[in-house]
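Hello,

Here is the structure I promised to pass on. Please look it over before reading my notes.

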Amino acid sequence: LKWVLWSVAAVSVAFNLIPQTGICALGLMGFLSIKKEWKAFAWAAGLGLVFFLIAGIPDIFLREGFHSSLMGILFYNVKFGASYAQQPWFFYIPLVFLMMCGPFWISKKSFALFKEFWSEHKILWVYIILLISLHSFFPQKWERFVIPVLGLMILIMADWIYYFWKQGQRTRIWILGIFNLILWVPSTFFPAQKNIIDMSRYIDSHPEIKEVVRYKNNPQWITEVFIRRTDWKWREVQELPAALLTCDSRLVMNLSDFEKLKPKLAVETIFETNLIEKVAYKFNPEKNIRRTPLVLLKDKGC
C-alpha cells in the first residue's frame with residue numbers, strides 16, 4: 001500500500017509540472033483494478049483527489065480561479081492545436097523507437113528478448129503508451145512532449161544494454177556510446193531556437209528599435225522574457241514591399257524567404273540557428289522552416 005501511495009504522490013507532482021502526465025494516473029488505477037486490489041484502489045483514488053484539489057487552489061489566488069491553468073491549456077489545445085505543428089497520428093511511434101536507440105537492439109533474438117523483459121517492463125510501457133496515445137489525439141505534436149517518459153525509456157534501455165554487454169557484444173555498446181556522445185555535444189552546448197533568443201536579446205539591447213515588422217508571421221513567436229524594454233511593438237505584413245520602414249523600424253524574415261525575394265533593404269544582422277537545427281532543416285525543410293536563420297533588415301538610408 002505504501003508504494004501505491006508513493007506512486008500517487010509521484011504522478012501528482014508530475015501533473016503539477018506538466019498536466020498531460022496526469023493521464024498516467026489511469027495506468028496506476030488500471031493495474032490496481034486488474035489485480036482487484038480494491039483497498040489500494042480506494043486509497044489511491046482518495047489521495048489522488050486530495051492532491052488534485054490542492055493543486056487547483058493556487059490558481060484561485062494567482063490566476064482566474066480553481067484549476068484555471070489546467071482548463072486554459074486544455075481549451076487552448078482544443079481550439080488552436082490544429083493551427084500549427086501538425087504531424088500525422090503515428091508521429092510518436094518512430095520517435096520513441098529512435099529515442100530508445102531501437103536500431104542498436106535489432107538482432108535475431110530481439111523479439112524473444114522483448115518477451116523475456118516484458119514482465120518487468122510492462123508497467124513502464126503502459127505509462128509510455130498512455131502518454132503518447134494522449135498526445136496522438138491532438139494534431140499539434142512536438143518532440144518535447146515525450147520528455148516526461150524519458151526516464152522510463154532509460155530504465156527499459158538499461159536492461160537491454162546490460163544484456164548485450166553480458167553477451168560480449170561490446171562493439172555494439174561502444175558504437176552506441178560514441179553515437180550518443182556525438183549528439184550530446186551539440187545538443188548540450190548549442191541552445192535550441194538560438195535564432196529567436198539572439199533576436200530577443202538584440203532588440204533588448206538596441207533601444208533605437210521601436211517596431212519590428214514580421215513577414216508572414218515569421219518568427220511565429222519570440223522569447224519576450226529576454227526583452228526588458230516595453231517601448232517596442234510588432235507589426236505583421238503578408239506581402240513585400242512592406243510600407244516604408246522608418247529608421248526606428250526593422251523587418252525580420254527567415255533566410256529562405258530573404259533569398260527568394262531579395263528585398264531592397266540593408267541587412268543589419270543575421271541570427272543563426274544551431275547545428276542540429278541546420279541539419280533538421282537540410283533534411284526536412286518543409287517541417288523545419290522555423291529552424292532557419294532570421295535576417296533583420298533596415299532601410300538603406302538609415
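Below are notes on one helix, then on the sheet.

This is a predicted model: local features need pLDDT of at least 70, side-chain atom pairs count only at pLDDT 80 or more, and totals for chains, interfaces and linings use all residues. Residues are numbered from 1 along each chain as its sequence is written, and side-chain values use heavy atoms, without hydrogens and water.

Helices (H or I, at least four residues) and strands (E, at least two) are DSSP runs, numbered from the N terminus.

**Helix H7**
H7 covers residues 150-166. Just after H7, glycine 168 has a positive phi of about 85°.

**The sheet**
5 strands form an open, mixed sheet, in the order E2-E1-E3-E5-E4. Strands pair if DSSP finds at least two bridges between them. E2 (233-237) and E4 (266-271) are the edge strands, each pairing on one side only. E1 (residues 211-215) runs parallel to E2 over 5 bridges. Arginine 214 sits opposite glutamate 236 of E2.

Best wishes

Note on methods: Expected span 1.5 Å × (residues − 1).
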